[in-house]
Amino acid sequence: MNRYVIGSAATGEILRSVECDPDQLEAQAGDGEVLDLHDDATPETHYFLDGALMAYTPEQAAAKRVRPEDAGWSNAAFAWIDARDLARRRLERWAAIKAERDARIAAPKQTSLGAFDADLASQDNLNKVIALTRIAVARGYPDAARYTLASNARQLFTVEQLETAALEMGAQVQGLFDAADALRQQIDASDDPDSINWPP
């Protein structure tokens with residue numbers, strides 16, 4: 001009995017190996033498959049080229065051993081090729097753009113009154129301080145509230161100053177949503193969505 005390796009004529013990939021006598025070979029390979037006699041060829045060490053079994057170079061074999069996610073090996077390029085279809089690549093790029101958008105929204109915002117924390121909890125806290133300060137002013141208390149900036153410095157602000165900071169932060173957040181929407185339009189129109197990124 002001899003050991004044979006069977007591969008795809010289209011891709012050159014070794015698909016399986018069999019042990020059989022030469023007179024049994026005809027039953028081993030299907031349509032579009034090629035075979036060759038070899039004792040130790042594996043998909044990691046060899047491939048088929050025009051029906052002949054070839055050995056990978058050490059560099060090619062090393063590259064093939066490290067498979068990225070969602071990739072298929074090309075024996076024409078001797079490299080892993082992205083196997084995702086365009087629709088999936090667009091969806092995944094948009095998800096990455098949205099995640100970056102949300103991170104930028106949550107980052108501290110520079111205003112004319114200093115840098116304010118802008119994560120959801122901080123936004124909620126600022127709105128509550130503004131509302132409570134308005135109530136205090138309506139009841140005759142001084143128009144002032146202490147608020148902690150992103151630097152952790154506590155500073156005294158009027159309600160109008162806090163509203164100004166909130167409006168400036170809101171405009172920056174809206175700008176981020178608008179920028180993300182523009183990037184999404186680029187992604188939906190691109191054949192190379194992975195090349196689309198947020199500007200620095």
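Leaving aside neighbours within four places in sequence, leucine 162 is in contact (heavy atoms within 4.5 Å) with Phe116, Leu126, Val129, Ile130, Ala145, Tyr147 and Phe157. The model is predicted: local features need pLDDT of at least 70, side-chain atom pairs count only at pLDDT 80 or more, and totals for chains, interfaces and linings use all residues. Residues are numbered from 1 along each chain as its sequence is written, and side-chain values use heavy atoms, with hydrogens and water left out.

The largest nonpolar core has 13 residues. Such a core is a set of buried Ala, Val, Leu, Ile, Met, Phe, Trp, Tyr and Cys residues joined through side-chain atoms within 4.5 Å. Buried means under 20% relative accessible area, exposed over 50%, and partly exposed in between (1.4 Å probe, protein chains only). Phe116, Leu126, Tyr147, Phe157 and Leu162 touch the most other members. The largest share, four residues, comes from α4. A second, separate core of ten residues includes Ile97, Val173, Ala180 and Ile196.

Lysine 109 is found in strand β8 (residues 109-111). Helices (H or I, at least four residues) and strands (E, at least two) are DSSP runs, numbered from the N terminus. A polar atom of its side chain lies 2.7 Å from the backbone oxygen of arginine 104. The backbone oxygen of alanine 107 also lies 2.7 Å from a polar atom of the lysine 109 side chain.

In helix α1 (residues 58-65), Gln60, Ala61 and Lys64 are the buried residues. Pro58, Glu59 and Arg65 are exposed on the other side of α1.

Terms used: Polar contact = N/O pair within 3.5 Å; in protein donor to acceptor, adjacent residues only side chain to side chain.
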